[in-house]
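The entries follow the order in which I looked.

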Amino acid sequence: MTFRLLQNFKGGRALVITRRAGWETTLETTLAKLGVACEYPEIVDGRAQIDVANLQPERDILFVDGDLEGAVAIEVNPASKLPPVPVIGLVGVEAPSRLKALVNLGATSFLRKPVHGGAVYTALFLGINQFLLRTEMYEKLQDLESRRRGRRAVIRAVVTLMQETGLNDDDAYSALRRDSMRARQSLELYCEEFLRRRARPPDTPERTSGITLQGGNKQAM
């Protein structure tokens, strides 16, 4: 997976969480020129009415007014610290507590109020691409962690096969790798299933499947 910067935002939807005061017209006009439609979710009892479950990260962007304390309630992934969609903070009062609240929401970019048209593209560019970059980095870390955990299964499978067949470690590893490729599975997943089969009672049919040894013969298991 290779990260590519997004530069065209046509077809996007901006959900602007703020109380209408006139300054937002500049933001709306500039976003429209960039192909991004604006919506203003209703605020009821201090809370923006957002259908969080239907937010789409490839389309939606949240613009959150930091002066509205507690107006947005979205869950940030506790592991990645990322919200479900890009968040851009609208900053009026630069109090540390309000900036911290925006950061805790996962804001990856900021716009000063009142908004100036010339700053909108930069904020949008940074906010969306930082969100995409962090998402990709998190996914890569998750994949590496999964592979690290899977390596334990590979080691156990190699040792098990050595004990069952008398193969050395290199040949046992090669046999497992060949069969994982035939099964079109990752080596880690194949080894996990290999070990699960051996955890079944001896008379279980699935336990009798074989591993391909060098030369095409199969070792009964």
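My entries on helices, spaces and backbone follow.

**Ground rules.** I am working from a predicted model, where local features need pLDDT of at least 70, side-chain atom pairs count only at pLDDT 80 or more, and totals for chains, interfaces and linings use all residues. Residues are numbered from 1 along each chain as its sequence is written, and side-chain values use heavy atoms, with hydrogens and water left out.

**Entry 1: α3 and α5.** I looked up helix α3 (residues 117-165) and helix α5 (residues 187-199). Helices (H or I, at least four residues) and strands (E, at least two) are DSSP runs, numbered from the N terminus. The axes of α3 and α5 come within 8 Å and cross at roughly 50°. Here axes are lines fitted to C-alpha atoms, for helices over the stretch in contact, and angles run from 0 to 180 degrees between N-to-C directions. I therefore noted α3 and α5 as oblique to each other. My angle classes: under 35 degrees is roughly parallel, over 145 roughly antiparallel, 65 to 115 roughly perpendicular, and the rest oblique. The crossing of α3 and α5 is left-handed. That term applies if the near helix is turned anticlockwise from the far one by less than a right angle; clockwise makes it right-handed.

I then checked the contact (heavy atoms within 4.5 Å). On the α3 side I found residues including Arg 147, Gly 150, Arg 151 and Glu 164. Those of α5 include Leu 187, Glu 188, Glu 192 and Arg 198. By class, the contact of α3 with α5 has eight nonpolar, two polar and seven charged residues. For the classes, Ala, Val, Leu, Ile, Met, Phe, Trp, Tyr, Cys and Pro count as nonpolar, Asp, Glu, Lys and Arg as charged, and the others, Gly among them, as polar.

**Entry 2: α4 and its partners.** Helix α4 covers residues 169-182. Its axis comes within 9 Å of that of α5, and the two cross at roughly 105°. That is why I call α4 and α5 roughly perpendicular to each other. In α4, Tyr 173, Leu 176, Arg 177, Asp 179 and Ser 180 meet Leu 187, Tyr 190, Cys 191 and Phe 194 of α5. I sorted this contact into six nonpolar, one polar and two charged residues.

The axes of α3 and α4 also come within 9 Å, crossing at roughly 115°. This crossing is right-handed. Val 154, Val 158 and Met 162 are among the α3 residues in the contact, with Ala 172 and Ala 175 among those of α4. The contact of α3 with α4 has nine nonpolar, no polar and two charged residues.

Entry 3: How many cavities of 30 Å³ or more does the structure hold? I found one. A cavity, on a 1 Å grid over the protein atoms alone, is a set of points where a 1.4 Å probe fits but cannot get out; a pocket is an open set with protein on both sides within 12 Å along at least five of seven lines; lining residues have an atom within 4 Å of a point. The lining of the largest cavity includes Gly 66, Asp 67, Val 93 and Arg 98. Helix α2 (96-104) gives the most to that lining, with three residues.

The largest pocket holds about 170 Å³ of space. Its volume is the space filled by probe spheres set on grid points, which are joined across faces, edges and corners. Of its 15 lining residues, Leu 6, Pro 57, Glu 58, Arg 59 and Ile 128 are the closest to its centre. Strand β5 (60-65) and α3 each supply at least two residues of the lining.

**Entry 4: backbone.** Lys 113 and Pro 114 are joined by a cis peptide bond, with omega about -5°. Pro 114 lies in the loop between β7 (107-112) and α3. Asp 45 has phi near 55°, a positive value in a residue other than glycine. I placed Asp 45 in the loop between β3 (43-44) and β4 (47-48).
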